Number of protein chains: 2
Amino acid sequence: MISKGCKYAIRAAVFIAAQADTGKKFGVKEIAEEIEAPPAFTAKLLQILNKHKIVTSLKGPYGGFFCEAYQLDLPVIDIVNAIDGKAVFNECVMGLHLCSNEHPCPMHHHYAEIRDNLESSFQQTTLRTLAGDLSLGDVYLKNV
Amino acid sequence: MISKGCKYAIRAAVFIAAQADTGKKFGVKEIAEEIEAPPAFTAKLLQILNKHKIVTSLKGPYGGFFCEAYQLDLPVIDIVNAIDGKAVFNECVMGLHLCSNEHPCPMHHHYAEIRDNLESSFQQTTLRTLAGDLSLGDVYLKNV
DNA sequence: TCAAAAAAGGACCGGTTGATCTTTTACTCT
DNA sequence: AGAGTAAAAGATCAACCGGTCCTTTTTTGA
């Protein structure tokens, strides 16, 4: 449902967001280490996040990635949409292209509500929220 | 989260289960048509379902796939476990290998409850339930 | 006992996704 | 202006998944 790349991307975004108040910028290498992800791949994902204006980047010396204030209020669903595309939360559990309340697959009624809850959770949760918890130390980005 | 193959497999199992009372057996070709899936691939999946005793098969002329009575009470989660492996419902949304209530990722509390609901829904829903709805015509296996 | 029917099993192909490498572009400081 | 640094961009590589094909095994009815 959520790709590996998207998971890295969420972690990266949360890490960067958590440092937004410091005004610091972070290089790819540093971010990759911090979230335990392959650096080259992380660079690709950051590129996409930047293109979707979920994080901001600056080239050159003293450049790097950072979050502007308005970006902290973006919901994590924006990251999923940017990396995995919009369809994720609309897919049928049993793979029918046509699956709806009117033409449900056998699992539809069991699944649709849960899927919608998940979507709204992703919609309501912002980078600011997650970054806040991270700064408080309530929550982790690494496996240590 | 749930692979394409697994989706075909669930559809196939529900179709077979819905015919269990007739005592009929079904060939790969027929099943594949009924669930709109590629025949050769469907054969592979049915093989796995058979190996996990979710459906039963008989070789030779007049052979085919069918459900025994006890198999109707299997939960759909068994199919997911058979095809995609056990890990599916334990994965962390943000890709941490170590993610738990004690060492949560930033999304953990937002996600874990929903994921557990999903798991118990798959655990509680049996082939019999789904097959019943299908027989009643409340529910569909095809896109028509 | 033989031929046909059907599933089982293994080898293989192609595309997508995960991941890397190289070149180009942009910025900052001297 | 020029040198050095860091990200952007694109080409490329590799592994996995979705899917096919072909051969083998089992079963059955004539």
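Trainee: How do H1(B) and helix H2 (residues 28-35) of chain B pack?
Mentor: At an angle of about 110 degrees, with axes 10 Å apart. That makes H1(B) roughly perpendicular to H2(B). Roughly perpendicular means 65 to 115 degrees; under 35 is roughly parallel, over 145 roughly antiparallel, and the rest oblique. Axes are lines fitted to C-alpha atoms, for helices over the stretch in contact, and angles run from 0 to 180 degrees between N-to-C directions. Helices are DSSP runs of H or I, at least four residues, and strands are runs of E, at least two, numbered from the N terminus.

Trainee: And is this predicted or what? What are the ground rules?
Mentor: It is a predicted model: local features need pLDDT of at least 70, side-chain atom pairs count only at pLDDT 80 or more, and totals for chains, interfaces and linings use all residues. Residues are numbered from 1 along each chain as its sequence is written, and chains are lettered from A and ligands numbered from 1 in the order in which they are written.

Trainee: Back to the pair. Which residues meet there?
Mentor: From H1(B), Tyr8(B), Arg11(B), Ala12(B), Phe15(B) and Ile16(B). They meet Ile31(B), Glu34(B) and Ile35(B) in H2(B). Contact means C-beta atoms, placed from the backbone, within 7 Å.

Trainee: Which residues touch the most other members of the largest nonpolar core?
Mentor: Ala9(B), Ala12(B), Ala13(B), Val14(B), Ile16(B), Ile31(B) and Ile79(B), out of 49 residues. Such a core is a set of buried Ala, Val, Leu, Ile, Met, Phe, Trp, Tyr and Cys residues joined through C-beta atoms within 7 Å. Buried means 20 or more other C-beta atoms within 10 Å of a residue's own; exposed is 12 or fewer, partly exposed in between, with C-beta atoms placed from the backbone.

Trainee: Which helix gives the largest share of this core?
Mentor: H1(B), with 11 residues. Ile16(B) reaches well along the sequence too: leaving aside neighbours within four places, its contacts are Phe26(B), Ile31(B), Val55(B), Phe65(B), Phe66(B) and Cys67(B).

Trainee: Switching to chain A. What's its layout?
Mentor: Along the sequence the pattern is α-α-α-β-β-α-α-α. That comes to six helices and two strands. Buried residues are 40% of its 144.

Trainee: How many residues of chain A are in contact with chain B?
Mentor: 31, against 32 residues of chain B. H1(A) gives the largest share of chain A's side, six residues. That side divides into 19 nonpolar, eight polar and four charged.

Methods
Contact = placed C-beta atoms within 7 Å. Nonpolar A, V, L, I, M, F, W, Y, C, P; charged D, E, K, R; others polar.
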